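Subject: Structure handover

Hello,

Please find the structure below. My notes on it follow.

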Amino acid sequence: MLTYLVRRILIAIPVLLGITFITFALLHLTPGDPVRIMLATEQVTPEVAERLTEFYSLDKPWYVQYAKYLGNLLRGNLGVSITSRSDIASSIAQRLPNTILLAFSSMLLALVIAIPAGIVSATHRNSLLDYTSLTAAMIGVSMPSFWLGLLLLLQFGLAWKILPIWGVGRLSNGLWDFISHLILPSLTMGVGLAALLTRLTRASMLEVLTQDYVRTARAKGLRERLVLYRHALRNAMIPVITAAGLQLGYLLGGAVIVESIFSWPGLGRLTIQAIQKRDLPVIQVSTLIFAVCFVIVTLLVDVLYTFIDPRIRYD
Amino acid sequence: MKMNRFVSLLAVVLLTLCVAGAGVFAEQVLKISVGDLENVDPMDLGGRNSDVSVASLVCDNLVFLGKDDFLPKPELAISWEAVDDYTWIFHLREGVMFQDGNAVFAEGEARELTADDVVYSIQRAKEVAVYLVLSEIESATALDRYTVEVKTSQPAPFLLDVHHLASVMIIPHEAVEVLGDDLKISPVGSGPFELQTFIPGERAVLTKNEDYWLEPNLDEVQFIVIPDPAASIIALEAGEVDIVAYGPADEGPRLLDAGFSVAGRGGSYRGVGFNVTQPPFDDYRVRRGISLLLDVDSIWPAVIPADFGERAYGQVPPWVPMGYDPEGLMDLDGYDETAGLNLLADAGWTDSDGDGWLDKDGEKLSFEMKCFGGAQVRVFTIIATLLQQVGIEATVLQQEVGVWVDDLLAGNTGMFFDFSYAGTTGLYSMFHSSLITQSNTHFYSNPTVDTLLDEANTTVNYEARSTLWKAAQRLIVKDQAIIPLYFEVVTTYVAPYVKDFVSEWGTLELVSSENNVYIEE
């Protein structure tokens, strides 16, 4: 296992390097640079634009810029944002914990809803419960997060005034402050995820329940609960965990809409703002962080497989 | 029984006193919703309005720009004079103290702000404030404790404008030495409020500077980051914030009905721009003809509520009084469909084959009007529809902003949505021939205009400069390099109980010689 982990980590290095190169190349193929955008919309004067172009080496060939970026990266210098002039490392350090918190809480919420709902749906196939769960999942998948978020905000924040409508809660202000700020954004993100994972759990359970080993278990006279949770569920979880892992990877890249609606200072908003303003250093670092998160999550999912299904071995 | 009555009466009296007391002594806290907060280093603010607002409450400038006339008003400098075209003398306010109780100055150990601090701040800004235009300043010298002499390398009429010396915030050198990079999150100055908390992307909390030379009415100011416009309006209506800076204009009429007010000041110019070197717009008659075909008075109110805009006759907006000149430009404006079509016919564009489209040498008068997303798409859709009705095949091409900019600067765009914040020197940036392919996206070149703008740029006398500026603008509009549409005012929504609030222009002034914001109980 250890060898496998080391190998995977070593493989990740060229993958991440490749990502930095592709991001860099794509950004330089994309029309517009931050200074030209500021200049054309008259946010800076030509004199300032010239100074900024020189300051950020935007007038240098792309390979010079890339070498400089890579050199800084290897020295642990993530650079400075062109538009905010703030240190990117501290911006990321401030936002990443918020993004991780929101991603994990949304995923937790989604799994808490999806797994029981999927099991009930599968074990009560074509019943009223199943149809209700299917309909709810359909609504959950179809509901745009910006709409659901605003709806929750209007109801819980404006009409009932029982939950805060902006920002991150702090444990130093009490547990309720921390949790209450998390509820609405997690719910907004978790509902869609839960719907997706419910459908997947149901389909996976249905497939597993028709397998021979389940039939054998039942024939041996095992209690249904034991058959479901010890034999069927563990096997049915492999595709669910794979999907959940991928979704978690996406969530760790930040959720722009939810972050904006609930004023949640996460990576998504930072990245999108950087893309809109062509803030190249911030885009490069955000993409790299996103890639690192993905690599870690897929590795964790692979490791998790071995706990769920002991037959899976990487040695 | 009597005893019970007495106790009840006493309770009522005490309760009344408590309630009244609470009304009198309630903390005056102002909460402002902003789009973002990133870095409040007073020397490194760029064009980030929210960061400028926070920093301008912490630090003082030499001057601030008046709420009605946008002209420099005394702040740290109680007076100033241009001794000659190259020399300015600033007389500083005496007894102004830097804030204490922070990492730079311990409680009770702050020192007085003097001419040396002004000189230091100007010199540092020249070195590090890449977003400011200070190259015109040759030297700054402290003549005595309260007098500063600024010498410029050329006559500098815009010295006391936004992005120039007026935007330099005065800080103590100790702040730079002690705080280093932390200056971005905990600046220290001499302003009316002291920064207590600054969390980028989240919030900033400032409390009253008890030693300020004016007595601020507010005890605390909070800036809260709510990036989603709809969410910020919900927060305003829920009473979670008192002011929404740069709110969505669409919400205006509804909020006005609900008792909120709009404190917009400044904004941006909106119009149609032509690349005057690209066919068919290289022909004046085509540009003028199209202008005459557009009923601008009907177009712009269809796009933004009337309270949030103003009809434009030129590029220079009302908040740049030096060049704002509707009376001088109105005669160049006009809606006359027949005259417009006649001009196009003079240029050779007629419906020769009777298919309903104007053509010339077998080619239809057809072009794309390029813009990026936003209200401008609606403006251009209306214009395209109007032009199609008279036989011009105009279509709207909405581009991503980077693509739009690249196309514009490369000269690939004939007709575009002219978008600019229209700062004081905007006319120069947009139309001086030396800036073609940079900020002169019209590729407009007129030696007379260049001469007028060059001369204005070195004319310190306000009236003379104003005359030159207006003359240049008139020529540009007469050449029909643009079709001015409207000025969009910044929409800052204010709760009814917030009084004396003046929206930012260059800096945010909550306490000044012109206003002192307070919350009405």
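Two strands are taken to pair if DSSP finds at least two bridges between them. With that in mind, and noting that this is a predicted model, here is what was found.

Strand 6 of chain B

Strand 5 (residues 77–84) of chain B runs antiparallel to strand 6 of chain B, and 6 bridges join them. These two strands form a hairpin with 2 residues between them. Ser79(B) stands opposite His91(B) in strand 6.

Strand 6 of chain B is also joined by 5 bridges to strand 8 (residues 147–152) of chain B, again antiparallel. Here Phe90(B) stands opposite Val148(B) of strand 8.

Strand 6 spans residues 87–92 of chain B. Its covered face consists of Trp88(B), Phe90(B) and Leu92(B), while Thr87(B), Ile89(B) and His91(B) make up the uncovered one.

Helix 2 of chain B

In helix 2 (residues 49–58) of chain B, 9 of the 10 residues are buried. Among them are Val52(B), Val54(B), Leu57(B) and Val58(B), as well as Asp51(B). The buried residues pack against strand 1 (29–34), strand 9 (169–170), strand 10 (193–199), strand 11 (203–208) and strand 12 (220–225) of chain B.

Contact between chains A and B

Chain A gives 43 residues to the contact and chain B gives 46. On the side of chain A that touches chain B, the elements giving two or more residues are helix 2 (34–40), helix 3 (46–55), helix 5 (88–123), helix 7 (145–159) and helix 11 (256–261) of chain A. Helix 3 of chain A supplies the largest share, 7 residues. By class, that side of chain A has 19 nonpolar, 14 polar and 10 charged residues.

Regards

Key: Residues numbered from 1 in each chain as written. Chains lettered and ligands numbered in written order. Predicted model: local features only at pLDDT ≥ 70, side-chain atom pairs only at ≥ 80, totals over all residues. Buried ≥ 20, exposed ≤ 12 C-beta atoms within 10 Å, placed from the backbone. Helix = DSSP H or I, 4+ residues; strand = E, 2+ residues; numbered from the N terminus. Contact = placed C-beta atoms within 7 Å. Nonpolar A, V, L, I, M, F, W, Y, C, P; charged D, E, K, R; others polar.
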